[in-house]
Amino acid sequence: MSASPPSDTDPVVLALPPRWQRALPPAAALVAGFAALCCIGLTALVSLLTAIGATFLTQDATLRPLLAVSLVVTIVASSFTLAPPPQPSAACCSPWSRQ
């Protein structure tokens with residue numbers, strides 16, 4: 001004898017929250033953990049380990065071109081993110097302007 005699938009009127013099915021509500025607590029815990037790690041200083045640790053790893057690039061002659069390429073790529077990529085500073089208008093900064 002096989003069991004029939006639960007119907008929409010089954011009290012057990014009606015008692016369960018929707019799937020997205022059941023997924024919220026674990027997702028919130030992951031996000032909170034990530035924020036806590038950032039506040040603790042994980043980014044500083046990653047930066048320190050990166051600096052230690054970069055010393056190997058400067059010590060080994062075969063890896064120096066890799067260091068040069070990564071520096072050039074970083075400089076070029078960061079130049080795309082720079083925006084010129086906003087130019088203030090003369091009216092807002094002049095002590096004689098009428099407002």
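**Entry 1: Leu-57**

I looked up Leu-57 and found this residue in helix H3; helices (H or I, at least four residues) and strands (E, at least two) are DSSP runs, numbered from the N terminus. The model is predicted: local features need pLDDT of at least 70, side-chain atom pairs count only at pLDDT 80 or more, and totals for chains, interfaces and linings use all residues. Residues are numbered from 1 along each chain as its sequence is written, and side-chain values use heavy atoms, with hydrogens and water left out.

Is Leu-57 buried or exposed? I recorded Leu-57 as buried because its relative accessible area is 19%, where buried means under 20%, exposed over 50%, and partly exposed in between (1.4 Å probe, protein chains only).

Which residues does Leu-57 touch, leaving aside those up to four places away in sequence? I listed Leu-63, Arg-64, Leu-66 and Leu-67, with contact taken as heavy atoms within 4.5 Å.

Phe-56 counts as exposed because its relative accessibility is 57%.

Phe-56 belongs to a nonpolar surface patch of about 880 Å², together with Leu-37, Ile-40, Leu-42, Leu-45, Val-46, Leu-48, Leu-49 and Ile-52. Patch residues have over 30% relative accessible area and no salt bridge; like charges are joined within 9 Å, nonpolar side chains (Val, Leu, Ile, Met, Phe, Trp, Tyr) within 5 Å. A salt bridge is a side-chain nitrogen of Lys or Arg within 4 Å of a carboxyl oxygen of Asp or Glu.

I noted that helices H2 (19–40) and H3 (42–59) each supply at least two patch residues. H3 gives the most, with 7 residues.

**Entry 2: The whole chain**

I counted 5 helices and 0 strands. Buried residues make up 2% of the 99 residues.

Mean pLDDT (the predictor's confidence in each residue, from 0 to 100) is 75 for the chain. Confidence is highest in H2, at 83, and lowest in H5 (residues 90–93), at a mean of 58.

Methods:
Accessible areas come from the Shrake-Rupley method with a 1.4 Å probe; for residues, only the protein chains shown count as cover.
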